[in-house]
Amino acid sequence: MNFDKIKPEFLKKLDQRLLLHYPALWHSKIIWVVSYAVVAFTGIYLFGDFVDAEPELHQYRENDDFGWFFSLGIFLTSLMVIYWLYLQFQQKIDYSKLSFGKFLGILFLNYANIILLFIPLIAMIYGGVLDMERDQEYAWTSWYSVLYGAMPLSALPFVIRQFKLIEMVLTAFFGFIYCLIVALVVFLFNDSFNGGIMEQLPFVYILNFVAIGAYVVFKFSAQNYTQQTKRLGFLLLLTFPIVVPLSFLYMGNLTDWRYYKYDLETHHYLVWVLGYGFVALMLTGYAVFTRFMYRRMVFPGKK
Amino acid sequence: MMNFDLIKPEFLKRADQYLLTHYPMIWQTRIIWVAFYSLSLFTLAYLFGDYFDHEPGEILYPDLDVGYNHYLVDRQDRLAFGQIPLFLSALAVFYWLYIQYQHKIDYSKLNVAGFLGVIALNFACIVLILLPAVGLAFSAFDITRLLNEVLRDVQITLTLGLSAAVLPFIIREFSLIEIVLVVFAGFVYCFLIAIGLRLLLGINFNSGVTGALFLNFWVFVAIISVRFYQKTYTQQTKRLALLCLLSFTLAFPYALYLLDVYPNVNRAYREIAHRHHIFTLKWLAANIFVVLSMYGMFVYFMYRSLLFPIKRK
Amino acid sequence: MNKIISERSIELDLLLQDENLPRAINRLLDFVQDFSTNPQFVTNALQISADQRQLARSIEEQSLVNYQEIDQKNQQIAQRIADLKQKIIEVYQLAIQVHAQNTREHETTNVPTADAAFIPAKGAESFPPIMECYGLTKMYRKSGFTLANIDLQLRLGEITGVVGENGNGKTTLFKVITGNLQHDSGKIGFPLLQRAKHANGVNWIEVKSEIAYVEQELPSWYGTLKQNIQLELTQHGITGSQNERDAAYILERLGLTEHAQKKWSELSGGYKLRFALAKALVWKPKLLVIDEPLANLDVRSQRIVLNDMKDLAKSAKHPISIIISSQHLHEIESIADNLVFLQQGQMKFSGEKEDIGSDRQHNFFELSCKLDKQALDGLLTGLPVTEIEHNGLSYVITGTKELEGQKILQALLHQNVEIEYFRNISNSAKRLFL
């Protein structure tokens, strides 16, 4: 894809400046992502409402809008994220000399890139494409999933060159299978799903996560890691955003949390603070682990 | 990376070696191993699936009200025994395509019947890969409505995944990122066409836009065919051909509507996901037999044209 | 054909006399391929090779240190080689007689002739060229580079070396020849590979199945290496026990048997190239196109690969036309029959390597010694030297056609100058780069 002809000159100059002075920033392609996000958001916000169906005509039709515009938009943007990851893969950037603060900054930048790619979808909510409240709620739910799913992806650029694509897919696949097997084993020691397994299973997962995490950290610290250790580390990166919320189950009754949320709706800015604060905390956790893993992988592995 | 040699039975290894040295195209499909893993998992899923699911009488959270409980039960089963296995099966299909990519097989000496035979084998592999998910569904779902919903999802996956049966012939012509970008560009193109038609001509999204895209599809097919026939194709032609191959299953139902097989466009597309009549003879004949045959002939023509040198890179 | 078999027999005898067993075994394997169809002979030859390898390994691992015993075992192997060779010759001559008899009978009484498939082809030079092109041109619009007016003929049993600086069109030429890139103008044909005329000129479907192309960047293999070789054979219609035999033969012939069960990622660069060659040669293509094969090889591996290519190209039964590009000029010259020199997309020289410099006006010599330029110049006063230049590594002495290498050497030796390297490059491809 050659977009050189449509790229404005001033942006090209800015990009060149980043290349010469701030290579890590240049590598994140933030300029182009921001340009795309601004243009797409504006376009959808201004013109989106002209092309969608209006619910006054046919209540049923709005479903098509959600499918045609929002779901398809999510799918296409996911493909763009894959392309962005591919661009990250293309260049080998040396992050080993970055301080923790700068490393964290790059991680936040990566996160911002991914979120910015999905920002135009928000324009569908505010721009009148999604007219019905129910569809808008679904859209916001999807948006929260994006915020969540972007977290492990923002750490990927640091480690992506350590693995082949098929390795990453198979690691995710077998991680999944492993979780299913753990669930089966826990089930075998329980009579049914009721109460018992649903209380024990999250704890077992957290325990597994911590045990594997300790093993990986030990191996990397001792400079005794192999490709299998790296794959386990990759699996930990992917499953971190799933394990952390599970631990909330043990911080109080789940239903109490739900009622607490309803109470917060009267001061909904607190929900935003809590939500995004949680994201920031998770990203910091990612930065700690990824930086540790990255710096250890600068040393030669066992095999 | 993954070494399953220890669990593979010896007689199957010998059969695999025999295929390698006598029938390389059959060997390439890996039908032996696909059937082995698939039938094993299907048996396990069918026999033991029912032990792990929710039964309609069970209550998940006694403290919550009854209606919400049953809803939660249904959603759990649908997710755990329907959607997740289907997702894993789709990943397995991608892995199978990766295996197809690994070896360069020379199909140039096959005639049309040979091509169709290999496509049928590839399709059989895809069906086998989806089989455990079907077995699990039959075993785990107690409510007929849920079972039909899952089978409908399988039907949709199978219909959309028909192009996977022909990808092995041409997959080595493209890099992975090229395939991703072709899919992306295809969607964006269709989107822009739809928006353009809506803005300029006020055409609505269902039959009008679909009709325009259908026409567009055949124009592309004509361009590609001429280019391949005249051996003046470029890498862009190949990408366009890939896009047409991938989107044929989306265009085909409209053809059925034009041929009066279905009374309207909505019905034509919904027939691939009909709530109560899944895997009907009509669907089998149209979406499997006809589509695969047409795929076979086009890919045969495309493959043989690709043996001639490309015009420029 | 009797002449060829007796030449090859003498060659084997000389190798056995020199006690060069590894080379003798390679030539025995080639001998069996060319002059026998009996699978038992192939099996015997492979067994001898495996035994010799085992012996060499034992000596290397020092599990066998008794010189007498080693000598005895070597002699046993040499005897087995000689015996097998003799058996093959006897069977071959008998077959020739039977064939001749049947041919006479056929001419008089229409009795079907004996199967002459085992009789090697009569002199590859009598066949039309494998590939010929005239005025071949290919232009890249973006960069403006043009490969222009290439005239080339490739024949069975001949090795053509393509040399030139980087970016001068070697890979482009190879891609056009192998049907991976379309040329813009000119003609290309494969008289020997194409049975009937095709509307578009070349029936690539037919032609491509007879061409093996080993690219510079080797793609990864998946599965075991032997499996890949067998798959290649099966795809060319060689199945069953013949498949097993041919795979075993090529692996043994190229010294790869020990690595056959390994995976691609476990191989060094040199072995990867050798396996790629094995895959290309196992099904006996008519044309082998190979791009920069020597780049990643150590000196010993280069010698092995070049010898193997030369032996296999000049096979009596399955001669191959090989076209090979490389920057290793000296090595390529040692095996090539013809050379092509490309410069900025133009063919500056094409023909037999002996013809390089045949129309020259000057002689050129390369010299490495410890003298500085002034001293060297003084030393060579009196000789018809026109220029002395230092290229960073060695001196290049240019003189008239009367300037002889012996005279330069005499002048240097007379003054007790220590000579590190000296070579007459007047007829070498190297002078094309000056």
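Here is a short chat about chains B and C of this predicted model.

User: Before we start, what am I looking at?

Analyst: A predicted model, where local features need pLDDT of at least 70, side-chain atom pairs count only at pLDDT 80 or more, and totals for chains, interfaces and linings use all residues. Residues are numbered from 1 along each chain as its sequence is written, with chains lettered from A and ligands numbered from 1 in the order in which they are written.

User: What makes a stretch of chain C a helix or a strand, and how many are there?

Analyst: Helices are DSSP runs of H or I with at least four residues, strands are runs of E with at least two, and both are numbered from the N terminus. Chain C has 13 helices and 13 strands on that basis.

User: What makes a residue in chain C count as buried?

Analyst: It needs 20 or more other C-beta atoms within 10 Å of its own, with C-beta atoms placed from the backbone. Of the 434 residues in chain C, 36% are buried.

User: How do you know which residues of chains B and C are in contact?

Analyst: Two residues are in contact if their C-beta atoms, placed from the backbone, lie within 7 Å. That gives 17 residues from chain B and 18 from chain C. On the chain B side, helix α1 (residues 10–22) gives the most, with three residues.

User: What kinds of residues make up that chain B side?

Analyst: Seven nonpolar, five polar and five charged. Ala, Val, Leu, Ile, Met, Phe, Trp, Tyr, Cys and Pro count as nonpolar, Asp, Glu, Lys and Arg as charged, and the others, Gly among them, as polar.

Notes. A residue is buried if 20 or more other C-beta atoms lie within 10 Å of its own, exposed if 12 or fewer, and partly exposed in between; C-beta atoms are placed from the backbone.
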